[in-house]
Amino acid sequence: MAAEWKQKCDSEWALGANGVPMPDGVDWKYVCEKKPFERNLLQNPSPYGVSHKTPPPEHPVTGVPPPIDQPPRFEPDGNFSGWSTSTEVLPYDTSGIPPGVVICHLPQHRWFSLEQRVDLKAEGLWDQVLDEFQPEIVIEDWYEESQLHKNIYVLEVKLLGADGKTVIKEHTCSPEEDLECYSHTWKKVSHVFSNYGPGVRYIHFLHKLKNQFMVEFFNTKVTDSSLVIKVTKSV
C-alpha cells in the first residue's frame, strides 16, 4: 500500500522526473493528502475580502468626524483569521511645518502588521526534499496603492530552521511610492527563493500596511497573498 501512495505522488507531481528524492521512509499517504506542491500554503490569503482582479474600492473623503457618541476608528475591517495582527503607532511628522504655524489636524499613521508561520513538514514536505532538492519557494503579494504616504507597504519573508528562530534566508521589500501623480490600483510584489541551503523547516511571512487617521480613518489593503512550493529548482 505504501508503494501505491508513493506512485500516486510521483504521478501527480512528476517527482522522479524532476529529480526529487523519494525515500521509502516517507509517509507518502500523508504527502498525497496534504498536497504540499503547487498550492498556496498561506491561510486566508485575502483578509479584506477583495481581489486584485478588480480595482480597489474607492474611499470617499467626507471630512466629517464620527458622531460624538461613537469612538474614532483606528483599526481596519476584515476577517483576519489565520493571521497574527499588531499595530504600531508612529509619531506625528512635523518636519515640513514652519515655526509658528498653527495646525488644526495632522495625519496620524500606524503600521498594521499581518503575519503567519508555515510549518513545511506539517504541510507534507519531508527532510530530503527540503535539504537536498531545495525546491523553489515562490512568494507573491498585492497591495493597494493608497497614496497615504510614500512608504505604505513592507514585506518580510524569512526561511527558518528547525528551531523556528534561525534565519537561513530572508527577503525584504519596502517600495517607495510616487505621490506626484495620483494612481489607485493594485501593485504586485513577488520573489523566488532558490538554492537557500539545507535546514529550512518553517517560513515566516509578514507584511505591514500603513493606515492613517485624520478626522477619518483610511487604510491600505492587501490581497491574494501566496506562498507556493514548486516541483522545480534552480540549477
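## Sheet, rings and a buried histidine

Strand β3 (residues 137–144) and β9 run antiparallel, joined by six bridges. Strands count as paired if DSSP finds at least two bridges between them. Helices (H or I, at least four residues) and strands (E, at least two) are DSSP runs, numbered from the N terminus. This is a predicted model, in which local features need pLDDT of at least 70 and side-chain atom pairs count only at pLDDT 80 or more, while totals for chains, interfaces and linings use all residues. Residues are numbered from 1 along each chain as its sequence is written, and side-chain values use heavy atoms, leaving out hydrogens and water.

**The sheet.** β3 belongs to an open sheet of three strands, ordered β6-β3-β9, with antiparallel pairing. β6 (186–193) and β9 (222–229) are the edge strands, each pairing on one side only. From one strand to the next, the twist averages 10°. Axes here are lines fitted to C-alpha atoms, and angles run from 0 to 180 degrees between N-to-C directions. Within the sheet, Val138 faces Val228 of β9.

**Aromatic pairs.** Rings of Phe, Tyr and Trp (its six-membered ring) pair if their centres lie within 6.5 Å; planes under 30 degrees apart are stacked, over 60 edge-to-face, the rest tilted. The count is seven aromatic pairs. Trp13 and Phe37 form an edge-to-face pair, because their ring centres are 5.4 Å apart and their planes stand at 65°. Trp13 lies in helix α1 (residues 2–13) and Phe37 in the loop between α2 (28–34) and β1 (84–89), so this pair ties together parts 24 residues apart in sequence. Ring pairs also link Trp13, Trp28, Phe37 and Trp126 into a cluster.

**Burial.** Buried means under 20% relative accessible area, exposed over 50%, and partly exposed in between (1.4 Å probe, protein chains only). Trp13 is buried at 9%, and Phe37 is buried at 3%.

**Charges over rings.** A charge sits over a ring if NZ of Lys or CZ of Arg is within 6 Å of the ring centre and within 35 degrees of the ring normal.

| Charged residue | Ring | Distance to ring centre |
|---|---|---|
| Arg117 | Tyr202 | 5.6 Å |
| Lys208 | Trp111 | 5.0 Å |

**His204.** This residue is in strand β7 (residues 202–214). His204 is buried, at 18% relative accessibility. Its side chain makes a polar contact with that of Glu115, at 2.7 Å. Such a contact is a pair of N or O atoms within 3.5 Å; within protein, one must be able to donate a hydrogen and the other to accept it, and residues adjacent in sequence count only if both atoms are side-chain atoms. Leaving aside neighbours within four places in sequence, His204 touches Glu115, Gln116, Arg117, Glu156, Val157, Lys158 and Leu160, where contact means heavy atoms within 4.5 Å.
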